[in-house]
Each structure stands twice: as C-alpha cells, then as structure tokens.
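This report covers helix packing, a sheet and a chain contact. The structure comes first.

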Amino acid sequence: MPKLIDTLGNLVDNAWLQLPKDATLDHVVQSSSKLVLVPCKLWLAEKASLLATGKTFGVWFDSDEPVGPINADLALLPLLALNFPTFMDGRSYSKACVLRQQMKYEGEIRAIGDVLRDQLFYLKRCGFSSFDLKDSVKLEDAQKALKDFTTNYQATVEEPVPLYRRRA
Amino acid sequence: MYRYDQYDRQMLQDRIAQFRDQTRRFLAGELENAQFLPLRLQNGLYVQRLAPMLRVAIPYGCLSSVQLRKLAHIARHYDKGYAHFSTRQNIQFNWPKLPEVPDILAELAEVEMHAIQTSGNCIRNTTTDQFAGVSPHEIEDSRPWCEIIRQWSTFHPEFAHLPRKFKIAVCGTETDQAATQVHDIGLYIVRNFTGDVGFQVLVGGGLGRTPVIGQVINEFLPWQHLLSYLDAILRIYNQEGRRDNKYKARIKILVKELGVDVFRNKVEAEWQYTKDGPNTLTENEFKRCKAFFTDPVYDTLVNDDAAVSAKLNSDIRFNNWMERNVRDHKQIGYRIVTLCLKATGAAPGDLDAEQMEFVADLADRYSFGELRVTHEQNLVLTDVKLLDLPALYDALQREHLATPYTGLLSDMISCPGGDFCSLANAKSIPIAEAIQRRFDNFELQQQIGEITLNISGCMNACGHHHVGNIGVLGVDKKGEEFYQVTLGGSSDRQAALGKVIGPSFAQEEMPDVVDKVLQVYLARRQNNERFIDTYNRIGIEPFQEHVYAKAD
C-alpha cells in the first residue's frame, strides 16, 4: 500500500495521478484524473495544451533535472515533486532548498521515489512537505523518524535562524 | 577546549538513540545492507577485512586527558587493547563488535566525543594545524573557526548525501601543518590591509586517484560570511558534482571540468541569495566560541633553565630529543612537545591502552590536561614548562615514547594498509618498519635532516603519498604487491605533488631504493639544503639514474 504522509506524520489522501517520465499529452487527455502530476519535460514542452485541458497540474523532477525553468509557472502549480532514483542521490535536497529559499515556492513539495525512513528528518528540514513512502516503510517508523532530533545547528528552510542566534 | 552545552549534548543523545535503533533494525533483518551502509558510515563504521572498524572524530585534533582515558577504556573493553591515530585527526578502533557500537558511542558521548560523519559521502571532521593557539608564528587561532564549522557541518540536512566525501581544513599559522591545499576546501586565515580577519578560500584540492592542489576562489572572505559562503560552495557541488562515476565524484573533478573561474562565478551567484542573511556569523557567536580557547594561566617564567642546560650538555639523547621533538612556544618559558609515535617496530600512529593512560597522566601533570593529535599521526603536549622537560623526557623514555625522530625519516605517515584495510592493494606497515630498521640511527637521520616519507597501501591515498617528499604507493600487479615511488611532494604552503620515479619495486627492494634516493641527495646537496630543496633544484633525473642503474 503506498503511503503518503505530511511533515507531522499524518496519512494524507493522495488524489494525484503521477505520470511516468515518458508520458505524452495524450496520457493527460485520456486520464480521468483532475489532478495530474506530470514530468517536467512534458510540462515545459506542452504547457499551453496542458492548461487548456482545464485540469490542475503538478510537476515532478528527476534528480538530474533543474527546477529553474519552471520559475515563471510556480503560481500555476500547487504541487512539485522531487524524485529520488536512489536515496543516496542527494541532489533533490538542494533543489527543495532552492525552491523554498530562492524561488519562494510555497506550495507542496513532495519526495517521491526511494523515500525511506532514515532520510525523512533531513528531507523535512530542507522544505519537503510530504513524503510518498516506499512500500517497505512502516507508518509508525516514519512517524518516529520525523522526530529523530529535537534540536539542530543549521539555518534551514524549516528553521531559518541558526542555533547560534537562538542559543540561550 | 570547546565544552558542550545542553544543545550539543541533546543532539548527541538523539544521535545515539537513532543509531541504536538503526543497528537494531539491521540486526533484526528489517534494514537492508544497502540501506544500512550509508547510515553506519556516517557514524564512522566500516566493515573491514577482519572486523568492523570504528572511526572516532577528534575535532580539529584537540583532545583532553579525560577523553584520552576514555579512548583507552574503549580500546581495552571493546577492542583488542590498542587504537590507531589516522592522518585526519581521527582515531580508529579495528576490532569493535557491531552490536556493541551503540554502547561505545554512548561511552564517547560521556566525554563529548562522537563518530559523526567520520565516513560516508558527507562533510567530514574539519582538521587544522596541531600548533593552533600556541605557535609563535600564528596569524590567528584557527580553533574557534573549526568549532564554528564543526557545528555548521554536523547533521547538515542538505549535504548528507553528497556525490562523495568532503574534507575541510583551516590553517592560521604561517607554516601550515594541516596540508590545507590538498583538501576539498582549504581555508587560510588572513588579515586584510585594515587588519580585519577573513579567509583565503581554496577549492578542489585532494589526493586519491587524481591528486590536485586546491585553487583560490576567494582571496579575502570576511569572516562574517564564512558559513553562507561554504553553503554556496556545497550547494553547487551537491547539484553539479558527478554521480555517475565514484572516481570522478570529488569536487576537484567538478572544478577542473568547469574551470576555476566558472566555478567561482557559480558560487558567487549562489551566494548572493544568502549573503547577509541569518547565516551571517555574529560577533557574539565568534566571542562565545573564542572563549573556549583562551590561554591557560601561564606562570611567569624565563627562557632559560640551568637544569635543562646541564642535561643538554651531559645527555646526548636528551639533546637529540630536545632538538627534534621540542618547539618554541608563544609564551616565554614554555615549549611545545611532540610525542613521536614512530618507534621502530611499532605501527605508525598506533598506541595501546596503557600508553594512552600514561600520556593522559603526563598531559595532566605537564600540559594543563590537553593534547593535540597531528595529521602526521603523532601526539602533542602543547603547554609544557621548559623546566619540566627533563622530568617529562625521563617519563617518556620509560614508555618508549621519547623517539627523537619528529620531522626525520622515521617519522613516516602510513595508512594501516593491507594488514587491516579491505581497500588496500598492498601492505604499508611492514614497508615502514623495514625502512625504519635500515635507518635506525639518529646520527644518520639527523644528517639526512628534515624529510617526509608517506606510504599508502592503495590509491585512495590515506597515507598522503602524493605529498610526501618521498611517496610510496602500494600497487597490485597480477596479484603481487609492488610499490611505486614518487619524489618531490610537499604539503606545506609550497604544496606540490610528487613525480613518479619509474617502474615499481618489490617489497624487499624498498629499503635499498630509499637508500639510493638519499645517497643522491647527500651527494648533491648544497649547504644546509633540505631534501625537498635539493630535489627542486636538481630535478628527478639524477635520482632516476642512480636508482635504476645496472650493477657493474
């Protein structure tokens, strides 16, 4: 059972249809879903046609695809998803930070792909707001992992003020 | 020394609980090997040839006597009674049992130590000059800056899954004992014309398969911007560093492929978003960290002691030890003492539990309870009174820790090599020992003078062979161990990479090869030239001719 959780560890209903990397405009038109998560290549190539369908869109990025090209479209996109082809590919951590800190994106950023328990805490700190957990991850473990640490040193998306400005 | 407050302590407790649970899940079969691997690595735990190896951080080389006693206890209780000081100011235990590692971490936490990020593709233990704070030739004490970087890098959520490992060195002394230019980021503390402190920032240095000297990307970074600038460098590297090939994944390859100017521009552009933001360092934070590294209460003394002078005249061995292992101190009447862990027959950098406790006692008695660990795998007592030196020497002598070879041929850097490490192509320790035995004569070594000989058992270069005046690299040729020799490397301010002298040698040839190299040097040197000076003047050819000359 796929499990989608938010930063508090609550189960969230996933109403989005995620299309594969090689999806075409036809896939979108033929699907009955109103909420479609499209690969970034499709979005960049077919933006106008996609919007003409009247559906609501999110865009997902593979780890080697930059987020910069959708800068002008952020207001149209309530969901962005960043893929982890393997949990050891850390590029999407920086991308989430860039989206939040530089591009000022305030919608949902979802971690998809190889999303495991032991990475959740860091993902949350980098500005991810939902986690599409791998099947093998137990819900209660994931909920625990989101509370692995009680305090942190760095300035991050979640806590923009570093500890040295907060130290008692 | 830095002392933990409630925040630092809490983080360490949280980490131990986290790792205890990860270990439990792994042992219970709930966590796959591939998933556990990076987790254990970021806690310093390798699986080695014979057993796991646990690498414990000694942040920027500062160690208290209390901590050293704890390390002795761990060596005795959880290991085989000894441990190995590495070239990155870490200490390695070679025989811990995986189920006991969480307990070891809990013991370490009692003395404010840990194994966080001592391995894995993350920001590693920041290193510095072992004489920081006591050297008479210092621009600025690097330790507060190292602590600030330690905190910034510890559990940095954005940089826990970098393309490859990442090492930062900070140097505030004129001589540079930190090999600063062969780090992913090297930071030289500098003052500008108005006397303000800042950093000259180098990137893309490193050893390993592709050795590179770092290049300057910022001549003067005002100290307030240190962390936002580091964030910018790491963010570029994390996104653009190669992930398709492990051997091309270090930042040095990215800097090379982009060119240093393009890389610098990318960092500058990235930095504009965070410069002057909340990550700007405050005067208060600098003062808070600086306050942990104030001078101890020194006695008012003189730079002269009758008993020391008498012993210098009467005891040649003491004289030798003074000359090699004792350095000037910024405070009148005090000296810096190096304990050279290179006694012939002992593995370089190894210390057993009894020796650790003995050294801890000496630190308490003679050096305000503090020590330093060096990247040359030695220990340092930083604040010893001149008048205490005869007593300290006698004590060290009894435990075979008064080896007077600091900076000489026997003071080799060597990785643990094929005897322990599963990555190694060849053994290192027996080579070191064979060379030490051949030259086990102080007068001879003194005559040769200052020289560095670095040995690595494989091209991962843990023994820093590229930057040894003489470098030795273990290579595998059809299943047999051979050794490639390089000449002319150096890791100081005039950093240089050694040149390969020619075809590699069998293990038993190595002492002869070193002997021949030194014969050329001794025959050709002018005045008081060091080996490296002669080499730089005459080049590699005379050495090649002699080493490979056919016997008549």
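In chain B, helix H3(B) passes helix H4(B) in a right-handed crossing. The model is predicted. The contact draws on Lys70(B), Ile74(B) and Tyr78(B) of H3(B), and on Ile104(B), Glu107(B), Leu108(B) and Glu110(B) of H4(B). By class, 4 of these residues are nonpolar and 3 are charged, with no polar ones. H3(B) spans residues 65–78 and H4(B) spans residues 101–110. They pack at an angle of about 160°. Angles over 145 degrees count as roughly antiparallel, and H3(B) and H4(B) are therefore roughly antiparallel to each other.

A second pair in chain B is H14(B) with H16(B). Their axes cross at roughly 55°, which makes H14(B) oblique to H16(B). This crossing is right-handed. From H14(B), the residues are Ile431(B), Ala434(B), Ile435(B) and Arg438(B); they meet Met510(B), Pro511(B), Val514(B) and Asp515(B) in H16(B). The contact of H14(B) with H16(B) has 6 nonpolar and 2 charged residues, and no polar ones.

The two pairs are set out here.

| Helix pair | Residues | Angle | Axis distance |
|---|---|---|---|
| H3(B) and H4(B) | 65–78 and 101–110 | about 160° | 10 Å apart |
| H14(B) and H16(B) | 429–438 and 510–524 | roughly 55° | within 9 Å |

Next comes the sheet. Chain B has an open sheet of 5 strands in the order E3-E14-E15-E12-E11, with antiparallel pairing. Its edge strands are E3 (62–64) and E11 (326–328) of chain B, each of which pairs on one side only. From one strand to the next, the twist averages 35°. Helix H13 (residues 389–398) of chain B packs on the sheet. H13 touches E11, E12 (334–339) and E15 (379–385) of chain B. The direction of H13 makes about 10° with that of E12(B).

Cys62(B) stands opposite Arg372(B) in E14(B).

How many residues of chain A are in contact with chain B? There are 30, and they meet 28 residues of chain B. On the side of chain A that touches chain B, helix H3 (91–102) and helix H4 (120–125) of chain A are the elements that give two or more residues. H3(A) gives the most, with 6 residues. By class, this side of chain A has 14 nonpolar, 9 polar and 7 charged residues.

Conventions
Residues numbered from 1 in each chain as written. Chains lettered and ligands numbered in written order. Predicted model: local features only at pLDDT ≥ 70, side-chain atom pairs only at ≥ 80, totals over all residues. Pairing = 2+ DSSP bridges. Helix = DSSP H or I, 4+ residues; strand = E, 2+ residues; numbered from the N terminus. Axes fitted to C-alpha atoms, helices over the stretch in contact; angles between N-to-C directions. Contact = placed C-beta atoms within 7 Å. Parallel < 35°, antiparallel > 145°, perpendicular 65-115°, else oblique. Left-handed = near helix turned anticlockwise from the far one by under 90°. Nonpolar A, V, L, I, M, F, W, Y, C, P; charged D, E, K, R; others polar.
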